[in-house]
Amino acid sequence: MATRRFSCLLSRSLSASLLHSLGKNSSKWGNVNRFSTAAAVDELVTPQVPITYTKHMINGQFVDAASGKTFPTYDPRTGEVIAQIAEGDAEDINRAVSAARKAFDEGPWPKMTAYERCKIILRFADLVEKHSDEIAALETWNSGKTYEQCANSELPLFVRLFHYYAGWADKIHGLTVPADGNYHVETLHEPIGVAGQIIPWNFPLIMFAWKVGPALATGNTVILKTAEQTPLTALYVAKLFHEAGLPPGVLNIVSGYGPTAGAALASHMDVDKLAFTGSTETGKIVLELAAKSNLKPVTLELGGKSPFIVCEDADVDQAVELAHFALFFNQGQCCCAGSRTFVHERIYDEFLEKSKARALKRVVGDPFKKGVEQGPQIDVEQFQKVLRYIKSGIESNATLECGGDRIGSKGFFVQPTVFSNVQDDMLIAKDEIFGPVQSILKFKDIEEVIRRSNATRYGLAAGVFTKNVHTANTLMRALRVGTVWINCFDVFDAAIPFGGYKMSGIGREKGIYSLNNYLQVKAVVSPLKNPAWL
């Protein structure tokens with residue numbers, strides 16, 4: 001939904017003035033070609049993995065869209081079509097909801113012992129490990145993220161998340177509650193029912209695990225709508241889930257666009273709970289649709305403009321590397337990216353020069369190749385959006401230290417870009433760019449950086465780099481965000497809750513807190529006759 005909605009604000013091609021301005025600045029910063037050789041982009045690896053699953057998964061079967069329509073999914077390295085995918089709409093959502101409702105009301109899943117559900121989830125995790133090479137290749141091909149990131153980081157975390165939630169399946173229970181009077185009171189923690197889930201394109205597998213893991217561990221059934229840009233891995237692993245013994249109708253996957261399939265799911269009267277990850281603008285729409293339908297509870301994990309604060313006592317070399325990672329990881333397409341790099345004025349100049357040098361050394365190219373750090377942006381709309389913000393930074397009189405242009409003549413590769421002299425009122429310091437654009441800002445003291453860090457509608461995450469425990473303690477309590485990383489960044493352990501303050505979302509993903517999103521609490525009260533104790 002977010003991409004389609006935002007596309008209305010963008011032209012389909014870059015304007016002549018944008019290309020002209022970027023061209024001038026590329027010439028000004030003559031070393032931009034050091035980001036990548038032409039061969040790194042032009043000589044592409046051909047993925048050796050078949051595209052087997054392109055239809056919806058409904059009631060345990062792969063089926064065509066009710067309309068018979070398909071839509072293309074693309075290789076962001078080239079902009080070329082990988083495959084045609086079944087295009088879901090309201091009728092496909094109806095079919096999926098009906099299957100999920102029947103599986104919940106009549107099927108074996110919620111009536112199974114929790115230990116049996118645990119074993120199925122563990123078998124699924126084992127199958128994912130067995131097929132990890134194919135899954136990582138599909139994820140790289142469809143999303144543009146590096147194969148090394150997929151294979152060495154995201155797939156192991158995916159498996160770990162399902163191990164974690166499998167472990168919770170048989171440890172969910174209610175309480176016995178003392179009451180005033182001769183009554184026995186207990187609480188039951190019951191599955192909420194049919195859960196609708198909408199995931200984004202920047203971390204397709206990880207978001208699948210964050211959503212599906214707690215929903216299934218607590219005994220619910222699921223309809224998951226994939227992002228239209230990245231449907232392939234969700235369909236693949238859904239097949240593995242059924243090979244592991246998941247009953248039909250428990251997990252249903254519908255691919256399609258936000259305004260059709262996504263809106264139908266958010267407004268469906270027979271969906272008991274909704275979870276969405278995406279932009280804040282689209283999150284508002286999802287929340288409104290849920291409220292106007294059956295007032296289903298909603299969890300939202302939305303946008304961010306996270307500060308990364310480098311204090312005056314920092315080891316500059318270490319801080320530069322961590323700040324670089326915090327921003328450029330995943331092509332900058334991360335909701336919690338450290339996209340406002342605040343640096344103390346005493347070390348600002350040194351930090352800036354070393355950050356520029358690090359960006360110039362960043363290896364951009366075919367994400368299937370070993371040693372490549374950065375692949376392409378997800379699609380043409382995101383690519384153009386990033387270039388639009390770069391133009392905005394230039395026009396706002398921020399200093400373009402390096403980058404600012406595309407790489408190569410095909411695909412959606414963007415040079416790692418660094419701006420200095422960034423002011424708080426510039427769009428590049430306020431908006432979520434979702435790309436490889438680092439904005440470096442100067443601050444004088446802790447009170448100032450706290451005030452400026454909190455002066456945003458977002459509150460998803462923050463990074464703090466300091467040797468002083470008292471400074472760290474002051475900042476961790478003062479920053480109005482859901483996660484504070486101190487001398488680290490993007491640590492996503494399965495047990496660590498994740499979510500935002502303010503307009504960065506509602507509720508928490510991961511950890512024990514995520515289970516509550518998929519449970520109802522029922523109080524049961526019965527009288528006691530001549531109790532031995534109360």
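1. The second largest cavity has a volume of about 60 Å³, where a cavity is a set of points, on a 1 Å grid over the protein atoms alone, at which a 1.4 Å probe fits but cannot get out, and where the volume is the space filled by probe spheres set on points joined across faces, edges and corners. Its lining is made up of 15 residues, with Pro307, Arg340, Thr456, Tyr458 and Val481 the closest to the centre; lining residues are those having an atom within 4 Å of a point. By class this lining divides into six nonpolar, six polar and three charged residues, with Ala, Val, Leu, Ile, Met, Phe, Trp, Tyr, Cys and Pro counted as nonpolar, Asp, Glu, Lys and Arg as charged, and the others, Gly among them, as polar.

2. The model is a predicted one, in which local features need pLDDT of at least 70 and side-chain atom pairs count only at pLDDT 80 or more, while totals for chains, interfaces and linings use all residues. Residues are numbered from 1 along each chain as its sequence is written, and side-chain values use heavy atoms, with hydrogens and water left out.

3. The largest cavity holds about 80 Å³ of space, and the search of the whole structure finds three cavities of 30 Å³ or more. Of the 13 residues that line the largest cavity, Ala337, Ser339, Glu432, Ile433 and Phe434 lie nearest its centre, and the lining comprises seven nonpolar, four polar and two charged residues.

4. The chain is divided into domain 1 (56-302 + 509-515) and domain 2 (307-493), with bounds that come from an automatic or database domain assignment. Taken over C-alpha atoms, the domain centres are separated by 31 Å, and the contact (heavy atoms within 4.5 Å) takes 28 residues from domain 1 and 30 residues from domain 2.

5. Between the two domains about 2300 Å² is buried, 59% of it from carbon and sulfur atoms; buried area is the accessible area (1.4 Å probe) that two parts lose on being put together, summed over both. On the domain 1 side, Pro76, Arg77 and Trp201 lose the most area to domain 2, together 25% of what that side buries.

Notes: On a 1 Å grid over the protein atoms alone, a cavity is a set of points where a 1.4 Å probe fits but cannot get out, and a pocket is an open set with protein on both sides within 12 Å along at least five of seven lines; lining residues have an atom within 4 Å of a point.
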